[in-house]
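Hi everyone, thanks for making time for this. Let me put the model up on the screen, and then we can walk through it together.

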Amino acid sequence: MGKDAYSKSLKGLREVKGVEIGAHTSVEELVAGLRGCAFGAGRLAKAVDIYEEMLNEETTKFLGVAGALVPAGMRSILAEMVRERYVDVVVTTGANLVHDIIEALGEHHYMSSGVDDANAVRSGDDSWLREQGIDRIYDVVVHDEAFARLEDFLRGVFEQLDRKRYSIRELLTAIGENLSDRNSILRSAVDSDVPVFCPAIADSMIGLHAWIYKQTGSLAVDAFDDTKELIDLFCEAKRTGAIILGGGVPKNFIFQSALIAPRAEGKEGLDYAIQITTKTPEDGSLSGATLEEAKSWGKIGGKAKAVTLYCDATIALPILVAAVRERIERKN
């Protein structure tokens, strides 16, 4: 191949450039330097660029939180995103809300790894943990007493409720109103007027204790009312964007609303989408489903700015938020 033909074949391609780290490189500067990199580094830089645009434009931002990121230490970041309106709507699992409430009640989660004192938590011996009344979540543990406090708290909330039918979002608002911890996701949502949805709430300790309470008390919750409210939020939005941490039910609840709502407005799907996941698409699961696949359904617009970042959310989320926040504050 001649030199001219060689140059022509590379025309329009972007050169890969290594990131440079100085003695005082900030998070935002590091991420900006990753724009010239490939693989996950380049995708992280693209995610920050998309998130920044979502914040600068008039965009209703939906946050999907799967798994149990709160026990992993992401609670304060998620609450901050709510308080500062880095997100406008939250859809999450019951597990995250359960552990948010536990922390708000003064209980804590503890690291289990590397501790082998007979009077403390011993990593790798789950039968011993059971005997001590300790529950494990990967490398995090929490005592049964925390769940006993949760039960007492929830019963107190249920007893105060008006005898009317609640949506799940309304029930979570009532729970948040009874919390005082500033770093609570539910309390922050109440203070910032950010709706929190939990479509699979029955699959959590909140749902379990609600069912137990219903055996002797009165509590009416309609699991379908939230669908209309979420779709209305899409219909009223000028632009829509989603940050999906993991996948599962929160991801699909957001995406199915994006599928239905735009049809009433003549629009097509989300305008922005960022997914952070460790799942790949080979097994055909929803959490592994790519954002490109979502375009075939109309859940994401054909011209949407989107990126899938294959990374542990506990690594990527703090970097994403720190970089975007630094960039915006620097500009302002």
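Let me begin with a definition: a charge sits over a ring if NZ of Lys or CZ of Arg is within 6 Å of the ring centre and within 35 degrees of the ring normal. With that in mind, look at K299, which lies over the face of W297 at 4.6 Å from the ring centre. K164 gives us another case, with its charged end over the ring of Y166, 4.9 Å from the centre.

A word on what you are looking at: this is a predicted model, where local features need pLDDT of at least 70, side-chain atom pairs count only at pLDDT 80 or more, and totals for chains, interfaces and linings use all residues. Residues are numbered from 1 along each chain as its sequence is written, and side-chain values use heavy atoms, with hydrogens and water left out.

Now to the strands. Helices (H or I, at least four residues) and strands (E, at least two) are DSSP runs, numbered from the N terminus. Two strands pair if DSSP finds at least two bridges between them. I will call a residue buried under 20% relative accessible area, exposed over 50% and partly exposed in between, with a 1.4 Å probe and protein chains only.

How many residues of strand β1 (residues 59–65) are buried? Seven of the seven, so β1 is largely enclosed by the rest of the structure. Here is a reminder that helps: in a regular strand the side chains alternate between the two faces of the sheet. In β1 both faces are covered, with T59, K61, L63 and V65 buried on one side and T60, F62 and G64 buried on the other. Strand β9 (residues 239–245) pairs with β1 in the parallel sense over seven bridges, and T60 stands opposite T240 there. β1 also runs parallel to strand β2 (residues 89–92), joined by four bridges, with L63 opposite V90.

Elsewhere, three strands form an open antiparallel sheet in the order β3-β5-β4. β3 (110–111) and β4 (134–137) each have a single partner strand and stand at the edges, so one side of each is left without a neighbour in the sheet. Four bridges pair β4 with strand β5 (residues 140–143) in the antiparallel sense; I134 has H143 as its bridge partner, and R136 has V141. The two strands form a hairpin with two residues between them, and Y138 in the turn has a positive phi of about 55°.

Let's move to the helices and the packing. Seven of the ten residues of helix α8 (residues 168–177) are buried, so α8 is largely enclosed by the rest of the structure. Those buried residues are I168, R169, L171, L172, A174, I175 and G176.

I175 turns up again in the core. A nonpolar core is a set of buried Ala, Val, Leu, Ile, Met, Phe, Trp, Tyr and Cys residues joined through side-chain atoms within 4.5 Å. The largest one has 72 residues, and those with the most contacts inside it are Y51, M81, I101, I175 and L245. Contact here means heavy atoms within 4.5 Å. Leaving aside neighbours within four places in sequence, I101 is in contact with L150, F153, L154, I175, L179, L186 and I206. A second, separate core of 22 residues includes V89, F197, F255 and I300.

Last stop, the aromatics. Rings of Phe, Tyr and Trp (its six-membered ring) pair if their centres lie within 6.5 Å; planes under 30 degrees apart count as stacked, over 60 as edge-to-face and the rest as tilted. By this rule the count comes to four aromatic pairs. In one of them, the ring centres of F158 and Y213 are 5.5 Å apart and the planes are at 50°, so the pair is tilted. F158 is in helix α7 (residues 144–160) and Y213 in helix α10 (residues 205–214), 55 residues apart, and the pair links these distant parts of the chain. Both F158 and Y213 are buried. F197 and F253 form another tilted pair, 6.5 Å centre to centre with 55° between the planes. F197 lies in strand β7 (residues 196–197) and F253 in helix α12 (residues 248–265), so the pair ties together parts 56 residues apart in sequence. F197 and F253 are buried too.
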